[in-house]
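Take a walk through this predicted model.

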Amino acid sequence: MNNEEMENHNLITAFKKMWSNMFYIEGKTERIDFWLGYVTIAIINLLFFTLVLGTNGSLWSVILYSIISAFGLIMTFTAAIRRLHDANFSAHFLWLLLIPIFGIIIVFILLVTPKSDENRHAPSTKPAGMKWESNILNWLIIIVTALALFGINELISNAANSSNNKIDVTNTSDNDDSSSSGSSSSSQSSSSSSEPSSESSSSSDNSSSEDSNDKHNDEDDDDDNDQDQPDENQDEDKDKNNDNQDNEDQNSASEQSSSSEESNKENADNHDDQDKSDDQSNNDEDKQDSNDQQKQEYNKQQDAQNNEQSTSNDDQNKQQSQNESSNQQANQNSNASSSSSDK
């Protein structure tokens with residue numbers, strides 16, 4: 001008997017029990033059947049989640065994953081209610097799942113507890129012919145749950161995409177900064193390499209002109225020689241091809257020289273701007289120095305004027321004191337003469 005009971009408890013039979021009792025919450029579920037069914041549902045959800053990742057979150061894969069997750073969520077929820085009944089607990093303990101960490105731990109401990117011998121809940125009395133597929137309300141519950149899960153998945157994917165876009169924007173801005181610095185350095189290097197490129201272009205022009213002269217001489221020699229007409233036509237075609245190549249080389253050399261001249265002009269303009277800015281800064285400094293000197297001279301002049309005024313005031317005071325003293329002496333003399341005349 002024990003062997004038969006062990007054979008009946010496997011992933012497939014546990015999943016079948018959970019599927020048939022999807023909307024039945026009044027019975028009981030053994031601990032082994034609950035956890036085997038839960039593992040089966042987790043494996044199925046994991047497979048469909050990898051499908052979503054493999055298709056880069058396409059719409060049809062997300063819809064399919066939401067439907068499968070809705071079936072798994074309802075089966076797990078009702079099986080958890082029956083598992084709590086089997087352990088002689090109330091199904092209201094599932095409200096603890098709303099608590100983020102501690103509630104989940106407590107519910108996990110309750111679901112792991114073994115079967116209770118003194119159970120207040122009645123055994124399963126589900127009718128044999130009762131099937132949840134025949135009830136329209138059950139299908140409505142599945143549809144609503146699938147839509148809710150689909151909305152949650154879309155919100156998560158949009159949040160992930162927005163974060164990735166922000167990271168891409170920051171990376172592109174960094175690349176733009178590095179490219180701008182690289183372009184400035186390349187412009188400086190092009191200014192330094194413009195002189196040898198102009199020399200090389202002139203030498204290439206000279207060499208191309210010499211080659212063209214040599215080729216024209218060869219054509220004259222070929223015309224003088226007595227050869228067959230097809231041979232002459234072939235030689236002329238070859239000469240034309242060579243002339244076209246020479247013209248292309250000359251055009252490329254002229255383009256290189258023009259580009260080098262433009263880069264030289266740009267660099268010269270940049271240097272002129274820098275020189276102008278330096279001259280302006282120097283002129284500003286000179287103006288400030290001249291203003292400071294003028295202020296110093298003005299202060300010196302004022303100090304000299306103040307000193308002159310102070311000296312003139314001192315002289316006046318001295319003269320007044322001398323005058324007063326002379327007046328006093330004159331008064332004394334007049335007094336003395338008057339007294340002598342009285343006598």
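Helix α4 supplies the largest share of the lining of the largest pocket, 7 residues. Helices here are DSSP runs of H or I with at least four residues, and strands are runs of E with at least two; both are numbered from the N terminus. The pocket is lined by 22 residues. Tyr-38, Leu-73, Thr-76, Phe-77 and Leu-97 lie nearest its centre. The elements giving two or more residues to this lining are α3, α4, α5 and α6. The volume of the largest pocket is about 560 Å³.

A word on how such a pocket is found. Rolling a probe the size of a water molecule over the atoms shows where empty space is left. On a 1 Å grid over the protein atoms alone, a pocket is an open set of points where a 1.4 Å probe fits, with protein on both sides within 12 Å along at least five of seven lines; lining residues have an atom within 4 Å of a point. Points are joined across faces, edges and corners, and the volume is the space filled by probe spheres set on them.

The model is predicted: local features need pLDDT of at least 70, side-chain atom pairs count only at pLDDT 80 or more, and totals for chains, interfaces and linings use all residues. Residues are numbered from 1 along each chain as its sequence is written, and side-chain values use heavy atoms, with hydrogens and water left out.

Now step back to the whole chain. The protein chain has 7 helices and 0 strands. Of its 343 residues, 18% count as buried. Buried means under 20% relative accessible area, exposed means over 50%, and partly exposed lies in between, for a 1.4 Å probe and protein chains only.

Return to α4. This helix has 28 residues. From first C-alpha to last it reaches 41 Å, close to the 40 Å expected at 1.5 Å a residue. The expected span is 1.5 Å times one less than the number of residues. Of the 28 residues of α4, 20 are buried, so the helix is largely enclosed by the rest of the structure. Just after α4, Asn-88 takes a positive phi of about 65°, although Asn-88 is not a glycine. Asn-88 sits in the loop between α4 and α5. Its relative accessible area is 22%, so Asn-88 is partly exposed.

Where does the chain pack its nonpolar side chains? In soluble globular proteins, nonpolar side chains tend to be buried together. A nonpolar core is a set of buried Ala, Val, Leu, Ile, Met, Phe, Trp, Tyr and Cys residues joined through side-chain atoms within 4.5 Å. The largest one has 17 residues, of which Met-22, Leu-94, Leu-111 and Ile-142 touch the most other members. Elements giving two or more residues to this core are α3 (31–54), α4 and α5 (102–112). Its largest share, 7 residues, comes from α4. Leaving aside neighbours within four places in sequence, Leu-94 is in contact with Phe-77, Ala-80, Ile-81, Leu-84 and Val-107.

Helix α3 comes next. Its 24 residues should span 34 Å at 1.5 Å a residue; the end C-alpha atoms are 35 Å apart, which agrees. Buried residues in α3 include Asp-33, Phe-34, Gly-37 and Thr-40. The cover over the buried residues of α3 includes α2 (11–20), α4 and α5. Val-39, also in α3, is partly exposed at 38%. Just after α3, Asn-56 takes a positive phi of about 60°. Asn-56 lies in the loop between α3 and α4. At 73% relative accessibility, Asn-56 counts as exposed.

Finish with the aromatics. The structure holds 13 aromatic pairs. Rings of Phe, Tyr and Trp (its six-membered ring) pair if their centres lie within 6.5 Å; planes under 30 degrees apart count as stacked, over 60 as edge-to-face and the rest as tilted. Phe-71 and Trp-139 form an edge-to-face pair, 6.4 Å centre to centre with 80° between the planes. This pair links distant parts of the chain: Phe-71 in α4 (residues 59–86) and Trp-139 in α6 (residues 136–224), 68 residues apart. Phe-71 is buried at 14%, whereas Trp-139 is partly exposed at 36%.

Key. Contact = heavy atoms within 4.5 Å.
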